[in-house]
Amino acid sequence: MPRSLPAHGAVFALLLSALPAGAQTALPGFDLEHLEINPGRGTVVMRNGELRVPGGLSVGLVGQYQQLPLVLLNGERRLEAVRNRTSAILAGSYGVLPWLEVGAQVPVVLWQRGDDPGPLGVTPLASQGLGTPEVQARMGLLSRRDEHPLDLSLDLGVGLPVGSTAVLGRDRGLRVRALTAMGTQVGFLRPTLEAGVLLRSRNPLSAPGATGQALEVRLGAGVTTAGQGLRGELAVKAAFAGDMTQPAVEILGGGHFPLSDGLELHALAGPGLGRSPGTPVARVLLGVSFRQEPPPRMETLPEPVPQLRLEEFQTRPERTPDSRVEPVPTRELLPPEPAPTSPP
């Protein structure tokens, strides 16, 4: 039996039914992107609770492709508002203190295409535009460097309201994120967990004229292989909110390949599950990152080491009256002489 509805997409009958006939109405602005790039330690899309050492720097450029991240349906009407979407994210982080790391990322929609929404009275979306830049601070709570059993960090991020609404790259209100990440190493595997919340504007597609803030819960779990060469990665990301018809879930798998000292190439791909806006049928990530960290500092000793001069080893110590050398007779050092034998 053929399916009249896509397995992935969004059902927003209220929006299309509320559009006045013969009028051109723009889609209400919101940030379509769900996935966040990790600018610090960890994987491309997962944090592992570890911070960069003071003075450590990371810069990366990630390109991504999404298929069908936004589909609007109303009975027989179907509008693939965003069929194909290609974007790039420039991200970086810097270690300030042993317990503090700062970072930022800037997404840009390079190209997106969808159905012509004119017959439905909807203004076409822009094909290019700026997304929502984000600045963040990562604070370390536990660290395996300090002989703790795991790495634990708290991330605080703020989205800057400078994105383009015509490209669905900006929320109408405040966007703040708080997230806890933890990770450790078990054999050759490095499991990681994430849990946090995102405070954002309510999605206007859930109900026309919706206002106020919505609290979105975000969860993630992943695992990577350890080593210096090719490393594998598998991550599962999920988001839940009251203005979402169902959870948004994505499964991404891929690998990391080192090109040279500090330079790494990574690629991820996987499906999206759910019909919430921003959950594509498929997503592909391809990027390159550069990391540079200062060498570890030498441990300082609690007491100063006495400095000895070369003359002290070359000068023969004076003898004290008690240090006498007793002469040993030479006869005592020789083997005993054989006793004379009488003639027969």
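Reply: Here are some labels, each set against its rule.
This is a predicted model, in which local features need pLDDT of at least 70, side-chain atom pairs count only at pLDDT 80 or more, and totals for chains, interfaces and linings use all residues. Residues are numbered from 1 along each chain as its sequence is written, and side-chain values use heavy atoms, with hydrogens and water left out.

Me: Why is the pair Arg47 and Glu36 called a salt bridge?
Reply: A salt bridge needs a side-chain nitrogen of Lys or Arg within 4 Å of a carboxyl oxygen of Asp or Glu. In Arg47 and Glu36 the closest N and O atoms are 3.3 Å apart, so the pair qualifies. Both residues sit in the loop between α1 (13-17) and β1 (57-74), 11 residues apart. By this rule the count comes to 25 salt bridges.

Me: How do you know whether Glu36 is buried or exposed?
Reply: Buried means under 20% relative accessible area, exposed over 50%, and partly exposed in between (1.4 Å probe, protein chains only). Glu36 has 11% relative accessibility, so Glu36 counts as buried.

Me: What makes Glu36 and Arg218 a link between parts of the chain?
Reply: They form a salt bridge, with the closest N and O atoms 3.0 Å apart. Glu36 lies in the loop between α1 and β1, and Arg218 in strand β9 (residues 213-225), so the pair ties together parts that are 182 residues apart in sequence. Strands here are DSSP runs (E, at least two residues) and helices are runs of H or I (at least four), numbered from the N terminus.

Me: Why is Arg218 called buried?
Reply: Its relative accessibility is 11%, so Arg218 counts as buried. Arg218 also meets Glu216 in a salt bridge of 2.9 Å, N to O. Glu216, at 1% relative accessibility, counts as buried too. Salt bridges that share partners join residues into one network, among them Glu36, Arg47, Glu216 and Arg218.

Me: Why does Glu101 have no salt bridge?
Reply: Lys and Arg count as positive, Asp and Glu as negative; His and the chain ends are not counted. The nearest side chain of opposite charge to buried Glu101 is Arg138, 4.1 Å away.
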